[in-house]
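The following dialogue shows how a student may read a protein model, one feature at a time. Please look at the structure before reading on.

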Amino acid sequence: GMELIRIPENTEFSDHASPRTPKLTFLDWQPFEAKTTTLKTLNNKRPFALIHSGLSDSFSLDSIGSHPVRTIKAENMTTETLENLEEELSTTGSSSREQQLDIIYVAKNTDKDEHVRFFSDLSNFDSVRSIILAVSGAVSVAGESTRPEQRAIWELARVFAAENPQTAVTCIDLNNWNALQEAVLSVLDQSITCGQYSYRRGQLLTPVLKSLDAEKSISKFRSN
């Protein structure tokens with residue numbers, strides 16, 4: 001009969017693999033190690049607009065760590081709102097060509113159209129310097145199950161980043177929304193300005209591509 005071989009999630013087949021011994025790669029999440037070449041000094045009182053979708057109507061934050069925060073619901077966001085936020089939060093009086101608005105986008109809502117509208121509106125607004133996207137369940141760490149609707153938002157942010165290189169986009173995945181503030185603060189403390197990360201048990205993790213020895217995995221599976 002047919003034998004089933006269990007392949008880890010996030011496995012990719014290499015085009016250069018031989019027919020007899022396929023070369024497989026997969027993403028592993030490891031503790032983030034700061035490298036000075038990837039860091040950019042941030043003002044320790046840099047203000048942020050926290051735009052949330054799906055959180056309680058009463059949700060509000062005045063600050064995250066030492067960073068002032070202005071909270072607004074995504075459904076209330078318009079181009080005019082963004083302009084007002086830029087004027088309110090901007091720390092320097094510079095030309096409109098310079099990106100001055102820093103945003104934390106909490107995407108808990110499963111309404112795909114709302115998230116598409118959000119990123120579409122940002123694409124038409126040229127004063128966004130950075131975005132930190134917070135989702136929950138978009139990536140699998142240590143075999144966790146994922147939420148397809150959260151993964152879709154994660155990919156949407158990646159597309160936005162590719163199409164808007166002038167804006168620094170950081171994606172962070174949580175396994176619990178209660179860890180939102182500490183996860184975002186960990187990104188700010190490390191002065192991270194872009195990339196993809198997960199936050200688990202109080203630790204910031206980064207994805208690492210690893211090779212999987214298919215022949216050994218198959219032999220181990222058959223021996224069990």
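**Reading burial, a helix and a core**

Q: Does S140 count as buried or exposed in this model?

A: The model is predicted. A residue is called buried when its relative accessible area is under 20%. S140 has 10% relative accessibility, so it counts as buried.

Q: Where does S140 lie, and what does its side chain reach?

A: S140 belongs to the loop between strand 7 and helix 3. Its side chain reaches the backbone oxygen of E144 at 2.7 Å.

Q: Which residues of helix 3 are buried?

A: They are Q150, I153, W154, A157 and F160. Viewed down the helix axis, the buried residues of helix 3 fall within an arc of 120°, so they line one face. The face turned away from this buried side carries the exposed residues P148, A162 and E163.

Q: What do the buried residues of helix 3 pack against?

A: Their partners are strand 6, helix 2, strand 7, strand 8 and strand 9.

Q: How many residues has the largest nonpolar core?

A: This core has 31 residues, and I51, I103 and Y105 have the most contacts inside it. Helix 3 is one of the elements that each supply at least two of its residues. A second, separate core has 24 residues, including F48, I132, I172 and L204.

How values were computed
Residues are numbered from 1 along each chain as its sequence is written. This is a predicted model: local features need pLDDT of at least 70, side-chain atom pairs count only at pLDDT 80 or more; totals for chains, interfaces and linings use all residues. Side-chain values use heavy atoms; hydrogens and water are left out. Buried means under 20% relative accessible area, exposed over 50%, partly exposed in between (1.4 Å probe, protein chains only). Helices (H or I, at least four residues) and strands (E, at least two) are DSSP runs, numbered from the N terminus. The arc is that of the directions from the helix axis to the C-beta atoms. Contact means heavy atoms within 4.5 Å. A polar contact is a pair of N or O atoms within 3.5 Å; within protein, one must be able to donate a hydrogen and the other to accept it, and residues adjacent in sequence count only if both atoms are side-chain atoms. A nonpolar core is a set of buried Ala, Val, Leu, Ile, Met, Phe, Trp, Tyr and Cys residues joined through side-chain atoms within 4.5 Å.
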